[in-house]
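Here is a short note for a colleague who is meeting this structure for the first time. Please read the points with the model open beside you.

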2 protein chains.
Amino acid sequence: MTVVASIDPRTGTRGEVVAEETGAAELDRLCRAAADAAGWLEAAGRDFRAGLLRRMADALEARGEDIVATADRETAIGPTRLGGELRRTCYQLRLFAEVLEEGSYLEATIDPPGETPMGPRPDLRRMLVPIGPVAVFGASNFPLAFSVPGGDTASALAVGCPVVIKAHESHPATSELCFSIMRGAADELGCPEGTLSLVHGRQAGADLVSHPEIRAVAFTGSPAGGRALFDLINRRPDPIPFYGELGSINPVIVTPGAADERAAAIAEGLVGSFTVAAGQLCTKPGVVLVPRSAGGDALVEAVSAAVGATGDQVLLNERIAADYASTTGRLRTLPSVSVVAQGEGSAADGFRAAPLLLSVDVENLDDAVTGECFGPMTVLVRYDGEDELAAAVAKLPSSLTAAVHSAPAEGELTGRLTDLLRRVAGRLIYDGFPTGVSVSWAQHHGGPWPATNSLHTSVGTSAVRRFLRPTAWQDAPQHVLPAELRDGSVDVPRRIDGRLQLPE
Amino acid sequence: MTVVASIDPRTGTRGEVVAEETGAAELDRLCRAAADAAGWLEAAGRDFRAGLLRRMADALEARGEDIVATADRETAIGPTRLGGELRRTCYQLRLFAEVLEEGSYLEATIDPPGETPMGPRPDLRRMLVPIGPVAVFGASNFPLAFSVPGGDTASALAVGCPVVIKAHESHPATSELCFSIMRGAADELGCPEGTLSLVHGRQAGADLVSHPEIRAVAFTGSPAGGRALFDLINRRPDPIPFYGELGSINPVIVTPGAADERAAAIAEGLVGSFTVAAGQLCTKPGVVLVPRSAGGDALVEAVSAAVGATGDQVLLNERIAADYASTTGRLRTLPSVSVVAQGEGSAADGFRAAPLLLSVDVENLDDAVTGECFGPMTVLVRYDGEDELAAAVAKLPSSLTAAVHSAPAEGELTGRLTDLLRRVAGRLIYDGFPTGVSVSWAQHHGGPWPATNSLHTSVGTSAVRRFLRPTAWQDAPQHVLPAELRDGSVDVPRRIDGRLQLPE
């Protein structure tokens, strides 16, 4: 058996063995157990599952110190950010409990029998039901909020889907700890064993997405890793939904008016946004469009000064550090790319990266510089006039986000930029920065490929939509219908004969 | 240029040339025109597009006689069924106009700024927006309702997506006629050219799904054809959603009580259901589970008598006729399969098939007999007791539908069957037959692979969901927001701070 161990990114040293890679037989057993648990978890009902999510949140909070210490040791993210991530994780679990209680997500719909221009219509009732066991892949950069106890797990469990989680190899101990706490909460409430499982190892991940009992896959990670899973899934005899969040460049556009008005403030926010979490967030601004103007010059100078004064940072793991070194090394050798500023590297151990500010002309803005690169680096593009700005925007790949900083008098320009950016990004931000993704009803964390390959993603309440499928009942006796579709009043919004009705 | 001509299935003779296959340059031009039209069609607004759909319905109805005559000549479906299909098609266009006016489909959501347990939240507003140009593939068996003017086209146009339609080669003249009528309605309202286009030819279909401007593909057809398109799409550098409705066996289960109570009536309904439209509906019952009992014997005798008394029927095209001949020929040679009854074949010209009733034991119920086969054929499976019934159900592939005929006293059995069938079918029918799919708010026409590969499909109001993607606006000035997300009262339901609110 291959063993799984923690590695301390601050030193690069390998720690104690945490687990073994999950073998094929055990993987198969866990997937079958998940399938066996599916009916139970659905039948347990919305209130039960809301209680399960809240109990998991309580249990995670009660062990908060252990969790933060373990995650910090494995990721070097630091206790402050990890404390915030744990709060976000627990908030998320409780928010999905509210989604369950509110009940709109079921889309309960009843069409009474009657005559139509097409002829008689039977009694038709439709609702969303759980899709079945879900495979969740933990992400390296959020050991909590996008890993074992993260949004994918929470949203799948919420709607009644058992979950088999593939732990990210960067934080196996954090994964095991969170899993044992959540498993404990599930056990206390009498959930079957297959409700939640954890597996380790790359082969286990491949076997997982190919397993016949798995009905959907949620993944947050690199475009290459996501594409490999996507291709594996599409080779199944029965392809299943793959919900991937892959790569994003998150353009930030500064208009001439904004640069003139508040170059220093924008520079400060920008440096914070591309260096926070050592530049390893999927919403890191990877390209910044700055006007060729006095205001633009002031902005670039302020960003350069901040970058030059910043030391190196610890990255999550060896692969990310190696990718950062090779990508920035390749970019530095391109004749079209200039180094505007760089931070001081240290000789310390561990997986480190110094901040870097590059620039490229609009005509050289191409795939070589617009690929996602984790680490504290961003690329400036200076533009001259609105035509050149539009030309630059047209060259950007699709992203999770796009941000516009403009002045109040530039309303028309802001409107035109909105029209351009709406086609390439899932979230548009005004006078702000893309990092820091609120979890809420109106949030959307997605965008056209390569940002994501799906309409709904793991952030916000619509995350549950990925793990549901519609079912219609035609002329069904009352007793075989789900409670939410029976005659009489219910506690969820329903659409009856085309008219949306709120519960009394 | 390769020409496209009608073929009369009643005689097998080739008629006049209708069009030419669409070349690569023209295909590219049409897709670019569709992309150019996208912004216009979205900005035109919900009321405009509702008017466009209604005008298209009116225009199609005004030319109803021509349409029915042309479609009958190309498909041999017959004027009565085609008249009904045209009514359904126009009803569908008008229903999507209602969906637009009602506005829930936008999922307008506003989270005001404020404090949360995660820290401050910005102003977040989210809505669904059109995904962009959509490729629609016409189906052979519904030259209207699932072809040029069908549910895919109607739902895509409804939400503001330009459509490029690949005409089915079985009915090119019907496709051209309907296209010219709908194009005329669009022209009258001033829509740009790229709003709606029609292409012919297999290569054009492959080029279409690979074109960079196409953002989603809707397909109704064979599992093999769907899989080929699916694989093509997944080889794109930017895979896009593929909404395929592929193959379905639509099991019908008759309980012992139902067979005892009303064998003759069930037999009559069953024969009607598997022979209507010459057995070429995606909801045709392809397998029927019948108890080994006196009631079951009576049912089989009644079905056999009806099949034996039925003559041959004209199929849609040569390929379907050839597939029917080869599939039924292969099944007849299998030692596990018995011929229970067959209709009389005629020596007439054209693409013909005689009805056929086969049977197989539960232990021999496998892929060889549960693949979809267009044509007036079904397979009986006799079962002895509930365990054998459950074993048979477990061997069925997933389907669009499953039907249960039971007696009132068999409530518990009906409940258990519901639990089993819910996992493999998207619509459950009680004491009825799967053919005849109402278009309504509560309808669902889908199921796990191979029935469909998507959550939402082309039938019912949720069809629009396939052609929308979420967009979130963060701290946006009012003037860049879509009307439905601005402050103040609007005419659509919205969720504000988590609470669903109906318009006043």
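1. **A sheet within chain B.** Start with five strands of chain B, which make an open sheet in the order β9-β8-β7-β10-β11 with parallel pairing. This is a predicted model. The edges are β9 (196-199) and β11 (242-245) of chain B, and each of them pairs on one side only. From one strand to the next, the twist averages 15°.

2. **One pairing in that sheet.** Look at strand β10 (residues 216-220) of chain B. It runs parallel to β11(B), and four bridges join the two. For a landmark, find B:Thr220, which stands opposite B:Glu245 in β11(B).

3. Now follow the open sheet of 12 strands. Its order is β15(A)-β17(A)-β18(A)-β13(A)-β12(A)-β19(A)-β20(A)-β21(B)-β6(B)-β3(B)-β22(B)-β23(B), and the pairing is mixed. Its edge strands are β15 (337-342) of chain A and β23 (499-501) of chain B, each pairing on one side only. Here the twist averages 20° from one strand to the next.

4. Which strand of chain B does strand β20 (residues 425-430) of chain A run parallel to? The partner is β21(B), and three bridges join the pair. Within this pairing, A:Arg427 stands opposite B:Ala472 in β21(B).

5. **The other pairing between chains.** Strand β21 (residues 468-474) of chain A pairs with β20(B). The sense is parallel, over three bridges.

6. **The contact as a whole.** Chain B puts 73 residues into the contact, and chain A puts in 73 residues. The size of an interface is often given as the accessible area lost when the parts come together. For chain B and chain A the buried area is about 6100 Å², and carbon and sulfur atoms give 57% of it.

7. **Polar links across the interface.** How many residue pairs are in polar contact across the interface of chain B and chain A? The rule finds 35, with both residues at pLDDT 80 or more. It also finds six salt bridges across this interface. Side chains of opposite charge can pair when their charged atoms come close. B:Glu102 and A:Arg495 form a salt bridge, with the closest N and O atoms 3.1 Å apart.

8. **What chain B brings to the contact.** Several elements of chain B each supply at least two residues to the side that touches chain A, among them α4 (79-102), α8 (223-234), α14 (411-422) and β6 (124-130). β21(B) gives the most, with seven residues. On this side of chain B, 34 residues are nonpolar, 19 polar and 20 charged.

9. **Helices over the strands of chain A.** Helix α10 (residues 294-308) of chain A lies across β12 (252-254), β13 (287-291), β15, β17 (356-361) and β18 (377-383) of chain A. It runs at about 60° to β15(A). Helix α11 (residues 318-333) of chain A lies across β15, β17 and β18 of chain A. The angle of α11 to β17(A) is about 40°.

10. **A hairpin in chain A.** Strand β1 (residues 3-8) and strand β2 (residues 13-20) of chain A are antiparallel, paired over five bridges. They form a hairpin with four residues between them. A:Gly12, in the turn, has a positive phi of about 80°. A:Ile7 has A:Arg14 in β2(A) as its bridge partner.

11. **A:Glu107 deserves a look.** This residue has a positive phi of about 55°, although it is not a glycine. A:Glu107 sits in the loop between α4 and β3 of chain A. A:Glu107 also forms a salt bridge with A:Arg126, with the closest N and O atoms 3.5 Å apart. The pair links distant parts of the chain, as A:Arg126 is in strand β6 (residues 124-130) of chain A and the two residues are 19 residues apart. Over all chains, the rule counts 66 salt bridges.

12. **Cis peptide bonds.** Is the peptide bond from A:Trp449 to A:Pro450 cis or trans? It is cis, with omega near 10°. A:Pro450 falls in the loop between β20 and β21 of chain A. In chain B, a cis peptide bond joins B:Trp449 and B:Pro450, with omega about 10°. B:Pro450 lies in the loop between β20 and β21 of chain B.

Key. Residues are numbered from 1 along each chain as its sequence is written. Chains are lettered from A and ligands numbered from 1 in the order in which they are written. This is a predicted model: local features need pLDDT of at least 70, side-chain atom pairs count only at pLDDT 80 or more; totals for chains, interfaces and linings use all residues. Side-chain values use heavy atoms; hydrogens and water are left out. Contact means heavy atoms within 4.5 Å. Buried area is the accessible area (1.4 Å probe) that two parts lose on being put together, summed over both. A salt bridge is a side-chain nitrogen of Lys or Arg within 4 Å of a carboxyl oxygen of Asp or Glu. A polar contact is a pair of N or O atoms within 3.5 Å; within protein, one must be able to donate a hydrogen and the other to accept it, and residues adjacent in sequence count only if both atoms are side-chain atoms. Ala, Val, Leu, Ile, Met, Phe, Trp, Tyr, Cys and Pro count as nonpolar, Asp, Glu, Lys and Arg as charged, and the others, Gly among them, as polar. Two strands pair if DSSP finds at least two bridges between them. Axes are lines fitted to C-alpha atoms, for helices over the stretch in contact, and angles run from 0 to 180 degrees between N-to-C directions.
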